[in-house]
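Work through the exercises below with the model in view, and try each task before reading its solution.

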Amino acid sequence: MQFKKDNLLTLLLLFPGLVFFIGLFIYPLCITFMNSLTISNHTGYSLQNYIDLLSSAKYWNVIGITFILAISTTILSVLIALPLALILRKRVKGHTFIRLLILLPLTVLALISALGLLIVWDKNGWVNLFLMQVLPFIDEPLKINYTLYGLILFYAWLYSPHTILMTLSSIEGIDRNVEQAATITGAKPFEVFRYITLPLSISGIRSGSVMTFLLAFGAFNVPLIAGGNYRPLTVAIYTEAGVFNNWSKASALAIIMGILEIIFILIYFKLTKKRSAA
């Protein structure tokens with residue numbers, strides 16, 4: 001009797017979450033999948049949308065751009081996060097102000113950020129004017145807006161705080177006595193970092209970088225406004241659905257995007273798990 005009461009209580013506690021998960025994730029996903037199989041005249045189902053998309057060089061180019069943007073942003077975020085976290089853990093002067101600056105992109109809407117970055121990096125923007133005034137070897141404005149590396153820069157500004165904060169939290173949680181013990185026994189600073197600090201902080205780096213990758217992979221506002229001819233999957237899906245009213249092809253693209261995202265994350269987790277285990 002008590003066992004049944006416990007099961008009933010567990011079910012009641014799970015019910016709101018299950019309704020939320022099924023109603024807002026599983027059901028729309030099923031509708032999207034069924035829609036992706038619908039042929040143009042709504043007379044049946046087929047895999048024609050997937051065949052058309054996967055045999056098109058145009059959409060492989062879109063997939064390639066999406067991965068380039070997401071992977072480059074993730075790598076850049078890790079390269080920024082690690083040294084920054086190592087410095088900030090020492091509580092250097094002004095570390096509170098630096099932490100506030102790191103949080104700043106998270107407080108601004110992506111749409112506003114994209115517009116602001118376009119203005120700042122314009123050929124007559126203050127960054128280009130400053131660089132041309134200070135650096136003598138720069139005699140013309142840098143072309144950042146509407147370029148691929150400009151998009152990576154914008155993505156990094158917006159999404160790298162996730163990697164930085166998770167890495168910082170992980171590194172600050174490491175017991176300094178462990179590193180000091182290694183130093184006392186003769187380990188050089190790089191060896192302490194390589195064999196102690198990095199392995200112990202890898203879970204934070206991995207969590208933050210996955211979050212950054214997912215956000216960059218699904219970014220929409222920034223590439224829509226600042227992407228120029230570089231259109232990732234999200235913009236391609238919007239174009240098919242919102243501009244051409246081709247919801248079947250847009251649904252197929254969305255399903256492909258989700259599958260690619262899951263495959264990449266699984267591979268990434270497997271590789272980083274092996275790396276941390278080694």
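**Exercise 1.** Which residues make a nonpolar surface patch of about 660 Å²?

Solution. This is a predicted model, in which local features need pLDDT of at least 70 and side-chain atom pairs count only at pLDDT 80 or more, while totals for chains, interfaces and linings use all residues. Residues are numbered from 1 along each chain as its sequence is written, and side-chain values use heavy atoms, with hydrogens and water left out. Patches are made of residues with over 30% relative accessible area and no salt bridge, where nonpolar side chains (Val, Leu, Ile, Met, Phe, Trp, Tyr) are joined within 5 Å and like charges within 9 Å; accessible areas come from the Shrake-Rupley method with a 1.4 Å probe, and for residues only the protein chains shown count as cover. The patch is made by Leu-11, Leu-14, Leu-18, Phe-21, Ile-22, Phe-25 and Leu-29. Leu-11 lies in helix 1, residues 2–36, helices being DSSP runs (H or I) of at least four residues, numbered from the N terminus.

**Exercise 2.** At what angle do helix 3 and helix 7 pack?

Solution. Helix 3 (residues 57–88) and helix 7 (residues 148–172) pack at an angle of about 40°, with their axes 6 Å apart. Helix 3 is therefore oblique to helix 7, since angles under 35 degrees count as roughly parallel, over 145 as roughly antiparallel, 65 to 115 as roughly perpendicular and the rest as oblique. Axes are lines fitted to C-alpha atoms, for helices over the stretch in contact, and angles run from 0 to 180 degrees between N-to-C directions.

**Exercise 3.** How do helix 7 and helix 9 cross?

Solution. The axes of helix 7 and helix 9 (residues 189–217) come within 7 Å and cross at roughly 160°, so helix 7 is roughly antiparallel to helix 9.

**Exercise 4.** Which side chain meets Arg-89 in a salt bridge?

Solution. A salt bridge needs a side-chain nitrogen of Lys or Arg within 4 Å of a carboxyl oxygen of Asp or Glu, and a search of the whole structure finds three. In one of them, Arg-89 meets Glu-179 at 3.0 Å, N to O. Because Arg-89 lies in the loop between helix 3 and helix 4 (95–107) and Glu-179 in helix 8 (residues 176–184), the pair ties together parts that are 90 residues apart in sequence.

Terms used:
Helices (H or I, at least four residues) and strands (E, at least two) are DSSP runs, numbered from the N terminus.
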